[in-house]
Amino acid sequence: LSTENRPEEVPYWTSRGRYLDKPPSIADLIVYGRSWKSWYASLMPEWRHGGDKTTWPLSRDVPSGEQWSGLLVGERNGVCMLVLSASWWKHQSQSNSTAHADYLTAADDLAWVLRQSILAGAAPTSVAAVGPSTSLPTPISTRSSGVKRKQDTRSALSSPRRSRRMK
């Protein structure tokens with residue numbers, strides 16, 4: 001995704017190991033929200049903002065044939081980063097605050113865009129993104145060798161020694 005107008009907390013977090021349980025601290029949620037919405041708008045097709053990336057709400061008058069392919073970038077710096085960075089905003093804002101109201105507006109638009117891209121049948125544009133189902137690993141219980149292997153029941157999420165990372 002483009003770095004134009006990206007909140008400074010995003011590269012700060014990515015440069016420090018991408019630990020999911022260590023989100024960046026956001027000093028000013030109003031400034032973060034403005035920056036996030038401007039970054040988000042810069043990733044949208046031109047028809048959504050008409051060149052003004054600071055005015056909300058963005059247009060939802062979808063032109064015929066829109067595929068949303070420019071937004072759906074796979075890998076760890078793709079659309080997942082938008083969702084993750086929006087979650088930081090949500091979790092650090094108070095439910096009755098202006099920052100939280102701004103977050104709700106942005107989250108509603110992000111959810112709408114994701115629904116539109118699914119309905120349009122858009123696919124991630126990165127070769128590193130998950131491909132067709134044949135590229136996914138076969139579950140252990142259905143491998144053709146006939147030998148069932150003991151599955152590791154430990155969860156990486158519950159390991160106290162290791163922090164969760166977005167790889």
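## Helix H2, a mostly covered helix

Let's start with H2, where twelve of the 15 residues are buried, leaving the helix mostly covered. Buried here means under 20% relative accessible area, with exposed over 50% and partly exposed in between (1.4 Å probe, protein chains only). Helices are DSSP runs of H or I with at least four residues, numbered from the N terminus. This is a predicted model, in which local features need pLDDT of at least 70 and side-chain atom pairs count only at pLDDT 80 or more, while totals for chains, interfaces and linings use all residues. Residues are numbered from 1 along each chain as its sequence is written, and side-chain values use heavy atoms, leaving out hydrogens and water.

H2 covers residues 29-43, and its end C-alpha atoms are 21 Å apart, in agreement with the 21 Å that its 15 residues should span at 1.5 Å a residue. That expected span is 1.5 Å times one less than the number of residues.

## What surrounds H2

Among the buried residues of H2 are Tyr32, Trp36, Lys37, Trp39 and Tyr40. The buried residues of this helix pack against helices H1 (9-14), H3 (46-49), H4 (79-92) and H5 (98-120), where contact means heavy atoms within 4.5 Å.

## Aromatic pairs

Rings of Phe, Tyr and Trp (its six-membered ring) pair if their centres lie within 6.5 Å; planes under 30 degrees apart count as stacked, over 60 as edge-to-face and the rest as tilted. The count by this rule is eight aromatic pairs. One of them is the tilted pair of tryptophan 36 and tryptophan 89, with 5.6 Å centre to centre and 50 degrees between the planes. Tryptophan 36 belongs to helix H2 and tryptophan 89 to helix H4, so this pair ties together parts 53 residues apart in sequence. Tryptophan 36 is buried at a relative accessible area of 0%, and tryptophan 89 counts as buried at 0%.

Tryptophan 68 and tryptophan 112 form an edge-to-face pair, 5.8 Å centre to centre with 85 degrees between the planes. It links distant parts of the chain, 44 residues apart: tryptophan 68 is in the loop between H3 and H4, and tryptophan 112 in helix H5.

## A ring cluster and charges over rings

Ring pairs join Tyr32, Trp36, Tyr40, Trp56, Trp89 and Tyr103 into a cluster.

A charge sits over a ring if NZ of Lys or CZ of Arg is within 6 Å of the ring centre and within 35 degrees of the ring normal. The charged end of lysine 37 is placed over the ring of tryptophan 56, 5.1 Å from its centre. Lysine 22 lies over the face of tyrosine 19, 5.2 Å from the ring centre.

Conventions
Helix = DSSP H or I, 4+ residues; strand = E, 2+ residues; numbered from the N terminus.
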